[in-house]
Amino acid sequence: MTTTNDHTVDRDLIATVISLFAAKSGHDVVIKAEEEGLLPSLWASVSELGLPLVGIDDTAGGSGGTLLDLLAILHAAGQHAVPLPLSETHLAAWLLSEAGQQVSDGPMTVVPGTPKDTLALTDGVVSGRAYDVPWARGVDRIVALVNDSSGAPYVVTIDPGACEITPGTDLAGQPRDVIEVKDLAVEAVSSPVDRDGLLLRGALVTAAKMAGALETIATLTRGYTEERVQFGRPISKFQAVQQHVVTLFQMATMASLNVSRAGRTAMDGPASFEICALKQVVDKNASIAIRAAHQAHGAFGMTQEYRLQQLTRRLNAWRSEFGDELQLASRIGKAISNAGKLEHVIVGGSAVLEV
Amino acid sequence: MQLEATELTEAEMALQMEVREYLQQRLPAGTYEVGLGMAANNDVEFSKDLGAKGWLGMALPKEYGGGGRTAVERLIVVEELLAVGAPIGFHWVGDRQSGPSIAKHGTEEQKQAFLPGIASGELGFAIGMSEPDSGSDLASLRSRAEKIDGGWRINGTKIWTSGAYQATTILGLFRTSEHKHEGLTQFIIDRNVEGLTISPIPFIDGTRHFCELSFEDVFIPDERRLGEVGGGWAQNTGELVLERGGVDRWMSLMPILEWWAASDAVKNSPGAQADLGAIAARSWAFRGMNLAVARMVDDGKSPVTEAALIKEMATRFEQESLDTVARHYGRAPDLNSDDPHESLLARAILVSPSWSIRGGTNEILRTVIAKGLGK
């Protein structure tokens with residue numbers, strides 16, 4: 001596979017991926033990962049197929065394939081709540097390859113960059129803290145964008161063994177840690193991608209996972225309502241329950257289609273409007289869908305022993321990653337308010353207005 | 001339920017630019033009354049001008065005066081018309097659904113008789129579906145067409161028919177037997193036929209586009225029956241895809257949103273900007289869904305469930321967007337204001353509850369979607 005701009009998806013690969021995830025990332029596996037962190041055998045089974053590096057050019061050490069292939073894999077990972085740092089590894093590998101670096105196998109993570117972060121680069125030495133770093137415990141390498149004193153972005157790779165890691169978890173029980181380094185000598189490479197570029201790429205891949213999770217909670221809820229009998233008939237026969245199921249399919253269909261749309265635009269050029277719009281919409285859809293799914297499931301869906309919560313907790317965690325509803329809406333609205341021509345932007349996207 | 005992502009080709013984008021530039025010349029700001037989607041004013045001259053540009057009946061076959069173009073190309077034209085609140089009332093229904101339905105189900109003679117007029121903007125259609133006792137429940141229609149020598153005798157009442165007063169032609173659905181669904185048949189009816197009385201029902205905003213149609217022993221020759229006897233239900237379902245799957249289901253409000261987006265009220269308010277951004281994001285998402293549905297239609301599919309799924313949430317979104325604008329307006333807008341934006345906003349507030357009714361109420365659509373999802 002090589003990276004191209006053609007808008008096709010490797011359907012055989014995606015079919016393989018979906019059955020692999022279905023087989024390997026069941027309910028019990030997700031529980032186990034929540035207790036133990038990154039599961040090496042699970043990582044090995046996806047790594048064998050080269051999945052973590054799809055979407056990274058093979059000349060840079062990646063597995064090749066298109067951005068759309070990557071988004072389809074992450075969509076499938078979201079569908080099955082795969083407890084691995086797949087999108088994080090992609091973002092790390094993407095930063096490295098964009099900066100002309102070679103990537104290699106093994107789980108990686110990326111420092112998303114919060115306003116509290118203090119990581120700074122001076123003469124090839126990094127010091128400071130970074131917050132909300134997913135999977136810092138358990139990965140082989142942590143990749144960060146760090147500005148030098150002039151504000152120019154550099155890509156640095158940090159060995160987790162050289163950090164002080166304060167463990168934390170996100171709402172889905174996945175590792176999300178604070179890392180601290182002191183006077184760590186690193187190789188710093190000038191990065192063509194700045195913080196905003198990372199935010200947009202992060203928003204796109206996160207939305208793909210969320211769309212997958214939305215698809216699953218829709219089908220899971222439909223299945224449940226068809227089986228669950230109350231008042232003498234399946235609850236799917238009650239119009240009030242049907243409405244929740246319809247809402248779930250609306251939210252999921254809208255999310256999945258638009259992940260593909262934004263992905264296609266991103267392959268062809270600037271896509272800041274599409275990506276911000278996508279993540280904003282998917283965040284909103286997630287909050288609507290989470291409520292609908294739990295409501296239709298009743299108390300049953302609120303328990304840890306049932307699959308639903310593994311997906312709704314992930315949706316809740318991802319909603320606030322790489323831009324949340326309000327930040328993204330404000331960014332889009334401010335740009336349109338300054339530039340005008342709302343309808344031209346809606347139908348023309350970033351080609352008309354980058355946000 | 002899956003929609004396939006699609007984009008505009010270069011030729012399609014060129015069409016978009018052509019329409020946009022034409023409308024800037026043909027409808028300079030301030031020279032026409034900006035309308036709300038299909039409820040916009042009737043302007044027969046404007047409709048004819050669009051017909052002359054080849055932008056009506058676009059998807060109709062060329063041999064009948066149509067453009068032989070695609071549903072996507074039509075969507076592109078419609079977006080630009082809706083964005084400026086163009087006076088599309090006269091040709092709207094014929095262009096959107098009656099034309100395609102006649103092209104699909106009509107006889108050779110019917111195609112020759114009606115399609116050229118739809119494509120040129122000379123014929124304006126209205127749809128006679130609902131009745132006082134049948135809103136979304138078309139299976140309960142009672143107005144009857146009775147077979148007589150050489151044709152049909154129609155009796156009964158149709159109600160809530162948009163645009164019938166100004167229309168030249170009515171496409172009506174009538175009961176021809178007692179079968180719930182297979183007992184319905186469509187007829188193409190001249191607006192001036194003897195025995196048909198059309199009375200405007202003043203609408204909530206004071207306009208008179210909304211009508212009641214009373215049929216008293218109206219004779220319709222059999223040549224004006226559209227499709228098979230008993231085929232009306234299925235034909236109507238196909239039309240409803242066209243009525244539900246389009247951008248017009250959430251873009252009526254676009255002229256108001258456009259004006260609001262450019263206003264100082266938004267420039268000076270971070271809260272309003274965030275609301276604007278959320279509206280823009282969701283509009284982009286809906287637009288992608290409509291585009292995907294249009295491509296499905298061009299591929300020969302009939303995306304009934306998809307169209308209902310979009311319309312149900314898009315009409316709610318449009319209502320919520322209006323609430324947002326009204327909330328930021330700061331005072332109650334006046335329907336009779338000299339400021340056209342203010343009166344349009346006031347009108348939209350009054351009529352917006354209709355957006356989630358026409359074309360099937362949301363409650364019924366949810367049942368349609370739920371059934372479709374089970375397939």
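1. Is Glu228(B) buried or exposed in this predicted model? Glu228(B) is exposed, because its relative accessible area is 59% and the cut-off for that class is over 50%. The residue lies in chain B, in the loop that runs between strand E8 (225-226) and helix H6 (232-244).

2. The surroundings of Glu228(B) may be described next. Leaving aside residues up to four places away in sequence, Glu228(B) touches Thr185(B) and Gln235(B). Pro200(B) is 28 residues from Glu228(B) in sequence, and the C-alpha atoms of these two residues are 31 Å apart in space.

3. Ser356(B) also belongs to a loop of chain B, the one between helix H11 (340-351) and helix H12 (362-373). Ser356(B) counts as buried because its relative accessible area is 14%, and buried means under 20%. The side chain of Ser356(B) reaches the backbone oxygen of Pro353(B) at 3.4 Å. Beyond residues up to four places away in sequence, the residues that Ser356(B) touches are Lys311(B), Thr315(B), Gln319(B), Thr361(B) and Asn362(B).

4. Chain A contains an open sheet of four strands, in the order E1-E4-E5-E8, and the pairing is mixed. Strand E1 (108-110) and strand E8 (188-190) of chain A are the edge strands, each pairing on one side only. From one strand to the next, the twist averages 25°.

5. Within this sheet, strand E5 (residues 153-158) of chain A pairs with E8(A) in the antiparallel sense, over three bridges. Val156(A) has Ala188(A), in E8(A), as its bridge partner. Helix H5 (residues 86-98) of chain A packs on the sheet, where it touches E1, strand E4 (141-147) and E5 of chain A. The direction of helix H5 of chain A makes about 75° with that of E1(A).

6. The interface between the chains deserves a separate point. The size of an interface is often given as the accessible area lost when the parts come together. Chain A and chain B bury about 3900 Å² between them, with 64% of it on carbon and sulfur atoms. In terms of residues, 41 of chain A are in contact with 45 of chain B.

7. How many salt bridges does the rule find across the interface of chain A and chain B? There are two, and one of them joins Glu7(B) to Arg264(A), with the closest N and O atoms 2.9 Å apart. Between chain A and chain B, 14 residue pairs are in polar contact, both residues being at pLDDT 80 or more. Helix H7 (239-268), helix H8 (272-297), helix H10 (325-339) and helix H11 (342-348) of chain A each supply at least two residues of the side that touches chain B. The largest share of that side, 15 residues, comes from H7(A).

Note on methods. Residues numbered from 1 in each chain as written. Chains lettered and ligands numbered in written order. Predicted model: local features only at pLDDT ≥ 70, side-chain atom pairs only at ≥ 80, totals over all residues. Heavy atoms only, no water. Buried < 20%, exposed > 50% of the residue type's maximum accessible area, 1.4 Å probe, protein only. Contact = heavy atoms within 4.5 Å. Polar contact = N/O pair within 3.5 Å; in protein donor to acceptor, adjacent residues only side chain to side chain. Pairing = 2+ DSSP bridges. Axes fitted to C-alpha atoms, helices over the stretch in contact; angles between N-to-C directions. Buried area = accessible area lost by both parts, 1.4 Å probe. Salt bridge = Lys/Arg side-chain N within 4 Å of Asp/Glu carboxyl O.
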